[in-house]
Structures are given as structure tokens and as C-alpha cells.
Amino acid sequence: MEDIPNFAVLVGANGTGKSTLIDVFGFLKDCLIHNVRSAVQKRAGFKQLVSRGFETEAIEIELKVQLDFEQEQKSRTVTYVLHVSEDRGKAIVAREVLKFRRRGNKGQPFHFIDVSRGEGIAVAETTDSFDAVVDHSSLDREEVSLDSPDILAIKALGQFRRFEAASQLRELIEGWTVSDFHIEDARIEPDAAPAEHLNEKGDNLALYAQYLSEHYPDEFEELLEKMAERVPGVSKVDPEDSGDGRVLLRFNDTAFSKGFIARAVSDGTIKMFAYLALLADPDPHPLLCIEEPENQLYPTLLPLLAEEFAEYAHRRTAGAQVFVTTHSPDFLSSVDLDAIYWLRKENGFSTISKASQNKTLKNLFEKGEKPGWLWRQGWFEGADPN
């Protein structure tokens, strides 16, 4: 995927790899927060992750991001490469590279971090290291020796300011969220505790709503106004202390004197409130992934939700990245063609295409056809399971 817009939507038949693509981000975050072995075990082991028939080869992930370097006062494209393999039944980092071009360099990007199985080198980012005319041998090189071959080098080196790219990348990945929202988890009445963000499962929804209402009352009031517009009858949502150390959500209906607690309201009401609360975050995540937001929601709400996702993608100063998977024509019709990618599977492997680069789709879109209609009518070649 290249030239990815801030808001990108992934479509495709079941089993074409949408969830796998989204889980690349979750996998990288788990590798960083914990370690590679833990991230692999969470997904049922190496052989369940690697492509069928390639069990002896490494899983390879390559990511390109724009980072702003304080020393140079400029932005650079940084490439991060991670190879994960298996050694005697244990997942390890076979190789990890962080590279970018030095100033004036037109050739291959320079490897500022290059580590294999926990051993390698790292080059501190000084004024000299940025300049391509300075000889490689004179740069401030450091030998890297990690405690274990399943630990990421950017986790260790990212703690030091002299490795600015690793530090920024580490902070970026730590801020990612891959939403694995469960309705029943969101009904939980958790013990009172600080919650500055809605977590990935949504089981701290009541605590997060309480945090917003107490510390960001204007944003919370705007959230409630949107909720009232989208869910008829819901006039207010109150985070409420249960009296025994727990916090519950009470949804107040205009037709009743006393509202309903989260356990008693519909799946769609809970889900809409959770999405609006997530998107109201005063400190937006740098990357947000949502799978099939249309489930449990009325079709006419989906265009509004698509607008909310697009708005969220541009709230941060540097912009955020939002990925959404969907099967809904209603949601898709509210998205620009340039934001849509579709996956199809051929001979066991998935390929991905950008909708706006397909001449037929682009011509039909420019003539006024909606992407949802094009999707439903089978114009996305190879996407229909039939």
C-alpha cells in the first residue's frame, strides 16, 4: 500500500485478509509492548501466522513512516523492517532494520539500526550522521547486545534521545489502537480507576466516560449532543458511582423518569456511544483500526459514522491514520474512492488494490456512481465471493 490517505477503508470478501492486514498493527504493538515470543503465542504460534507452505521462512513486515527530526527541523521517510522467524520452537527477531537516507544521499537508505538475534549495531543520530559526505567509519557506532533475541531493538534504543528515529517510532507504535470491541465487555461496571483512553476491548467504557465528563466537559457535552441526534430517545448518558466502588453508565430516555443502566440498553446504543466516545478522545491515537463498524448499527447511521472517522483522521497536528474494514455498501458510499482499497485472494494469497487506480471504477465514480453501489454490483473485480 502506497500513498495511503489519513482515512482508508478496506473491503473484500470473507477470508481475503482484511483482518490479517489490520492485525499487522496489533502484532507490531504486542511485539513492542511485550516481546516477539508473546505476540506470536497470543496468535496460536508461529505456524499459524506464517503463510502456508513457507513455515521455514521468516515473516517479513516493512513499514514506511514520515518522522519529524528535531535536529534538522525537517521530515524524513523512515523505513522499519522486521523479520520474525522460529528457532527451536521459539519466536525470535531474525533481523530488525531502521533506515533512512542521509542528507544529500541519492542511493540506498543508510542503516541506523541493524540487529539480528539480539546482536548488531546502532548509529547515534548526530549532525555528522545525517550528512552523507561524512565517512561511515567515523560515525558514532554502538554495539547492541539485547538480553534476549525476542526483544525489539527499537524498544531498548527508543529510550534514548540520541536515537531519535527509534524513539519516535516506539512512541508512535505505543499509541496505536486496534479496536477489538465487544458489546458485552462494554456493559461491564468496572472498579473506579483512571482511564484516559478507551481501551481496545471497550471494557473501561464507563471509566473513560467518567474521565471525559470530569476533565473535558465541553467535549463530553458535544459527545452527548451527537448521541442524542443519532439514537432517538437518549437524552443523556451519565457515568454514575454505584456506591460500592464501581462505575456504571446510565442512559436516560426522554420517556422515562429514571434511565437504564448499560446492561439494559440495546447493542446498537452501546456500540454507537462507544464509537462516539472513542472518536471524542482529546488526545487522538496516531493510528486507529476498526473492524466492521456497521454491525448492530442502523444503516442510516453509517454515513454519519464515516464522517466522524474522517474527521478524527485530521484532528491531530500531524494527522492520524485510520483504517476501517467494512462489508456495508451504505458505509462505502460515504467514502471517497481514493480512500478505498480492496483485497482479493488468488491461489491462497491476497493482493490489494487501490480503487481510484482502477480506470473503470474511476470513470463510473466520476459519472456519479456511489462506491457502495459499485461494490454491490460487482465492479470491484475479484472481490465477490461468487
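The structure is a predicted model, in which local features need pLDDT of at least 70, side-chain atom pairs count only at pLDDT 80 or more, and totals for chains, interfaces and linings use all residues. Residues are numbered from 1 along each chain as its sequence is written, and side-chain values use heavy atoms, with hydrogens and water left out.

Begin with the sheet. Strands of a sheet pair through backbone hydrogen bonds, either parallel or antiparallel. Here six strands form an open sheet with mixed pairing, in the order β8-β12-β13-β1-β14-β15. Strands (E, at least two residues) and helices (H or I, at least four) are DSSP runs, numbered from the N terminus; two strands pair if DSSP finds at least two bridges between them. The edge strands, β8 (177–178) and β15 (349–354), each pair on one side only. β8 pairs with β12 (residues 287–291) in the parallel sense over two bridges, and Thr 177 stands opposite Leu 288 in β12.

Glu 164 belongs to helix α6 (residues 164–174). Glu 164 is buried, meaning under 20% relative accessible area (1.4 Å probe, protein chains only). Its contacts (heavy atoms within 4.5 Å) include Asp 68, Phe 69 and Glu 125.

Finally, the whole structure has zero disulfides, a disulfide being a pair of cysteine sulfur atoms within 2.5 Å. For Cys 31, the nearest cysteine sulfur is that of Cys 289, 15 Å away. Cys 31 is buried at 0% relative accessible area, and Cys 289 also counts as buried at 0%.

Methods
Buried < 20%, exposed > 50% of the residue type's maximum accessible area, 1.4 Å probe, protein only. Lys, Arg positive; Asp, Glu negative; His and termini not counted. Salt bridge = Lys/Arg side-chain N within 4 Å of Asp/Glu carboxyl O. Lists of a residue's contacts leave out its neighbours within four places in sequence.
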